[in-house]
Amino acid sequence: MVAIVTEAIDPAIQAKQLRNPAAGGYASFEGWVRNENEGREVRRLEYEAYEPLVITEGQRIIAEAGERWPIIAADFVHRSGLLELGDCAVWVGVAAKHRDEAFKAGRYIIDELKVRLPIWKKEHYVDGDSGWVNCERCAAHAHDDAAHTHHD
Amino acid sequence: MSEQPSKTIQVRYFALFRERAGVSAEQLTTTAGTTLELFEATRERHGSTEPHGHCKVAINDVMVGWDAPIRDGDTVLLFPPVGGG
């Protein structure tokens, strides 16, 4: 299941849904809300998502992972709304015959998810300020583009 | 830019763009021929300076490029730089 949820994510329940007699391994990634970003103390996070396109584009990412590695099943769940420190913001899980493809496909899914899906993160800081955050890879690209002629 | 007939479309804003625009959606009559021209028109309208380079755009729930044509009755979704995970 690819989903946007407003309630707490339970990785154990998610993992159970991937269980398959042919799977010899399962790899997962959980993204947690941490208390600092770029030197600023974070109090909580707020996620906004455009669900229809998260689902269609997210299913496409999982299909791509399946074309690259022989996995059995993969899912992800992402939170929306207000999250507190330590909350699980995103869970990605992959079941496969062997660990290598499970780890590699999981890495691919979380990396693509962060740059492609219409999900936005707003950090609320301890000092009362707040701001929308760009993904690190996009920010790195933006920096590259500043140094070169833009050709989008 | 060739002369384009005006069309009436729905524009939806998300996250930073919604806050800048002060609305989550609005109906616009525009002569913009492409998504990029529309993006520039909305930037001017809402006093934003965001470059389009790392933003994304969709028409009627399908991701498209910045050269995609705008048609009468379209719903155009303007996405600021994403940051999930």
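How many bridges join strand 4 of chain A to strand 6 of chain A, and in which sense do the two run? The legends below take up that pairing and then move on through the rest of this predicted model.

**View 1. Strand 4 of chain A with its partner, strand 6 of chain A.** Four bridges hold the answer to the opening question: they join strand 4 to strand 6 (residues 81-84) of chain A, and the two strands run antiparallel. To find your bearings, look for L45(A), whose bridge partner in strand 6 of chain A is L83(A). As a reminder, strands of a sheet pair through backbone hydrogen bonds, either parallel or antiparallel.

**View 2. Strand 4 of chain A also pairs with strand 8 of chain A.** Here seven bridges do the joining, and the strands again run antiparallel. A handy landmark is V42(A), which has Y125(A) in strand 8 of chain A as its bridge partner.

View 3. Strand 3 (residues 36-37) and strand 4 (residues 40-49) of chain A pair in the antiparallel sense, with two bridges between them. Across from E36(A) you'll find E41(A) in strand 4 of chain A.

**View 4. Chain B has an open sheet of five strands.** The strand order is 2-1-5-3-4, and the pairing is mixed. Strand 2 (25-30) and strand 4 (62-64) of chain B stand at the edges with a single partner strand each, so one side of each has no neighbour in the sheet. Ignoring direction, neighbouring strands of this sheet are turned by 35 degrees against each other on average. Zoom in on strand 1 (residues 7-13) and strand 2 of chain B, and you'll see an antiparallel pair with six bridges. V11(B) has E26(B) in strand 2 of chain B as its bridge partner.

**View 5. Helix 2 of chain B lies across the strands of chain B.** This helix (residues 35-46) lies across strand 1, strand 2, strand 3 (56-59), strand 4 and strand 5 (75-79) of chain B, and runs at about 70 degrees to strand 5. Chain B has two helices and five strands in total, and from the N terminus on they come in the order β-α-β-α-β-β-β. The radius of gyration of chain B is 12 Å, close to the 12 Å that the globule rule gives for 85 residues, so chain B is as compact as a globular protein of that length. The C-alpha trace of chain B spans about 40 × 25 × 20 Å along its principal axes. Of the 85 residues in chain B, 32% count as buried.

**View 6. F76(A) sits in the largest nonpolar core.** That core holds 52 residues, and those touching the most other members include F76(A), I109(A) and L78(B). Strand 7 (residues 88-96) of chain A gives the largest share of the core, seven residues. Leaving out residues up to four places away in sequence, F76(A) touches V2(A), G58(A), V90(A), W91(A), V92(A), I109(A) and L113(A).

**View 7. Chain A and chain B meet in a contact.** Chain A puts in 27 residues and chain B puts in 18 residues. On the chain A side, the elements that give two or more residues are helix 2 (51-68), helix 3 (99-116), strand 8 (119-125), strand 9 (130-133) and helix 4 (136-147). That side of chain A divides into 16 nonpolar, five polar and six charged residues.

How values were computed
Residues are numbered from 1 along each chain as its sequence is written. Chains are lettered from A and ligands numbered from 1 in the order in which they are written. This is a predicted model: local features need pLDDT of at least 70, side-chain atom pairs count only at pLDDT 80 or more; totals for chains, interfaces and linings use all residues. Two residues are in contact if their C-beta atoms, placed from the backbone, lie within 7 Å. Ala, Val, Leu, Ile, Met, Phe, Trp, Tyr, Cys and Pro count as nonpolar, Asp, Glu, Lys and Arg as charged, and the others, Gly among them, as polar. Two strands pair if DSSP finds at least two bridges between them. Axes are lines fitted to C-alpha atoms, for helices over the stretch in contact, and angles run from 0 to 180 degrees between N-to-C directions. A nonpolar core is a set of buried Ala, Val, Leu, Ile, Met, Phe, Trp, Tyr and Cys residues joined through C-beta atoms within 7 Å. A residue is buried if 20 or more other C-beta atoms lie within 10 Å of its own, exposed if 12 or fewer, and partly exposed in between; C-beta atoms are placed from the backbone. The radius of gyration is taken over C-alpha atoms; the globule rule is 2.2 Å times the number of residues to the power 0.38.
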